[in-house]
Amino acid sequence: MTLPLASGAPAIATHAELYRREMAAKRLQTLLGLAIFAICVVLAGIGAEVDLKKFAENAWRFPKYILETMPTLRLASFGADLKEWYWGINGWLKLLWQTVVIAYVGTVLGAVGGFLLCFVAAGNLGRSTGLRWVTRRFLEFCRTVPEIVFALIFVIAFGLGPLPGVLAIAIHTMGAMGKLFSEVVENIDMKPVDGLTATGAGWWQTVRFAVVPQVLSNFASYTLLRFEINVRGASIMGFVGAGGIGQDLIEAIRKFYFTDVSAILLLIIVTVMLIDYGTERLRHALLSLEHRP
């Protein structure tokens with residue numbers, strides 16, 4: 001049985017004072033953190049030579065350029081105006097399909113590479129500390145170098161075409177997927193692993209029967225998400241001649257073919273939206289299968 005304490009009891013007053021001190025210390029820490037963050041933002045802006053005055057004076061140029069790319073569509077001649085706007089639709093659709101294929105093949109190759117390396121890079125499975133360190137540094141290198149840089153290097157090595165784009169996306173995807181996959185592996189339930197190890201199972205057998213069943217749905221979800229990202233990335237591979245619709249887009253931008261820019265951008269946006277919607281539905285279906293009793 002507990003007895004109620006009066007509001008002026010010494011115990012309540014002591015706890016109230018302690019609460020006020022802790023809240024005051026927390027507010028001080030928050031203000032200090034915000035001040036440090038603000039200082040870092042200012043210093044970063046100075047280092048990056050951010051000129052707010054110049055930005056304010058020229059901010060109107062961006063919407064002006066977007067408006068200039070918009071075609072003139074009249075209701076009386078809507079069909080003819082639309083046909084003139086998308087005069088190159090057949091060629092653009094072929095290049096857009098090539099872009100999607102580049103992203104797909106690059107994602108598959110990168111995901112396979114990340115799958116094979118993630119188990120070695122995981123801290124709870126890797127038996128060799130040196131091998132784990134080398135694998136992690138290799139994955140860091142793959143995802144640190146921008147895709148466009150890899151594409152430019154492969155264009156010089158293999159020439160123009162989709163192959164440099166596929167290789168660039170595959171390498172960058174392998175680095176990113178290897179990192180994400182290894183983190184998923186490090187969060188698994190280790191009881192099945194310990195059980196198989198106790199029966200004398202080898203390392204690959206343990207991975208196959210104790211680890212993969214726990215992580216497969218998450219791996220598939222991350223791979224689908226990466227495919228969405230790679231479709232957007234593949235759209236600019238053509239900037240350096242690595243295939244896809246980006247080649248026509250950069251040409252239209254450089255030659256000031258304003259309506260072509262908006263037409264190609266709209267095709268890319270619609271394609272990415274459809275792929276995002278489809279992969280989102282597929283990810284939800286995979287997650288529902290994982291949590292089904």
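**Note on helix packing and selected residues**

1. Helix α8 (residues 162–186) passes helix α10 (residues 203–234) in a right-handed crossing. A crossing is right-handed if the near helix is turned clockwise from the far one by less than a right angle, and left-handed if anticlockwise. Helices are DSSP runs (H or I, at least four residues) numbered from the N terminus.

2. The model is predicted: local features need pLDDT of at least 70 and side-chain atom pairs count only at pLDDT 80 or more, whereas totals for chains, interfaces and linings use all residues. Residues are numbered from 1 along each chain as its sequence is written, and side-chain values use heavy atoms, with hydrogens and water left out.

3. The axes of α8 and α10 (lines fitted to C-alpha atoms over the stretch in contact, with angles from 0 to 180 degrees between N-to-C directions) come within 10 Å and cross at roughly 150°. This makes α8 roughly antiparallel to α10 (over 145 degrees; under 35 is roughly parallel, 65 to 115 roughly perpendicular, the rest oblique). In contact (heavy atoms within 4.5 Å) are Ile 169, His 172, Thr 173, Ala 176, Met 177, Leu 180, Phe 181, Val 184 and Val 185 of α8 with Val 211, Val 215, Asn 218, Phe 219, Tyr 222, Thr 223, Arg 226, Asn 230 and Ala 234 of α10. By class, this contact has 12 nonpolar, five polar and one charged residues (Ala, Val, Leu, Ile, Met, Phe, Trp, Tyr, Cys and Pro are nonpolar, Asp, Glu, Lys and Arg charged, the others polar, Gly among them).

4. Val 185, placed in α8, is buried, with a relative accessible area of 0% (buried is under 20%, exposed over 50%, partly exposed in between, for a 1.4 Å probe and protein chains only). Leaving aside neighbours within four places in sequence, Val 185 contacts Cys 118, Phe 119, Ala 122, Asn 124, Leu 125, Val 211, Val 215 and Phe 219. Val 185 and Thr 14 are separated by 171 residues in sequence and by 48 Å in space, C-alpha to C-alpha.

5. Helix α5 (residues 89–121) also packs on α10: their axes come within 9 Å and cross at roughly 150°. Accordingly, α5 is roughly antiparallel to α10. The contact involves, among others, Thr 99, Val 100, Ile 102, Ala 103 and Tyr 104 of α5, and Trp 203, Val 207, Val 211 and Val 212 of α10. By class, it has 17 nonpolar, four polar and one charged residues. The crossing of α5 with α10 is right-handed.

6. The axes of α5 and helix α6 (residues 129–144) come within 8 Å and cross at roughly 135°. That angle makes α5 oblique to α6. Here the crossing is left-handed. Leu 117, Val 120 and Ala 121 of α5 meet Leu 131, Arg 132, Thr 135, Arg 136, Phe 138 and Leu 139 of α6. This contact of α5 with α6 has six nonpolar, one polar and two charged residues.

7. In helix α11 (residues 246–254), Gly 246, Leu 249, Ile 250 and Ala 252 are the buried residues. They lie on the same side of α11, because they cover an arc of only 160° around the axis (taken from the directions from the helix axis to the C-beta atoms).

8. Phe 256, in the loop between α11 and α12 (258–290), has a positive phi of about 60° although it is not a glycine. Phe 256 is exposed, at a relative accessible area of 56%. Glu 49, likewise not a glycine, has a positive phi of about 55°. Glu 49 sits in the loop between α1 (10–47) and α2 (52–58) and is exposed, with a relative accessible area of 72%.

Definitions and conventions:
Helix = DSSP H or I, 4+ residues; strand = E, 2+ residues; numbered from the N terminus.
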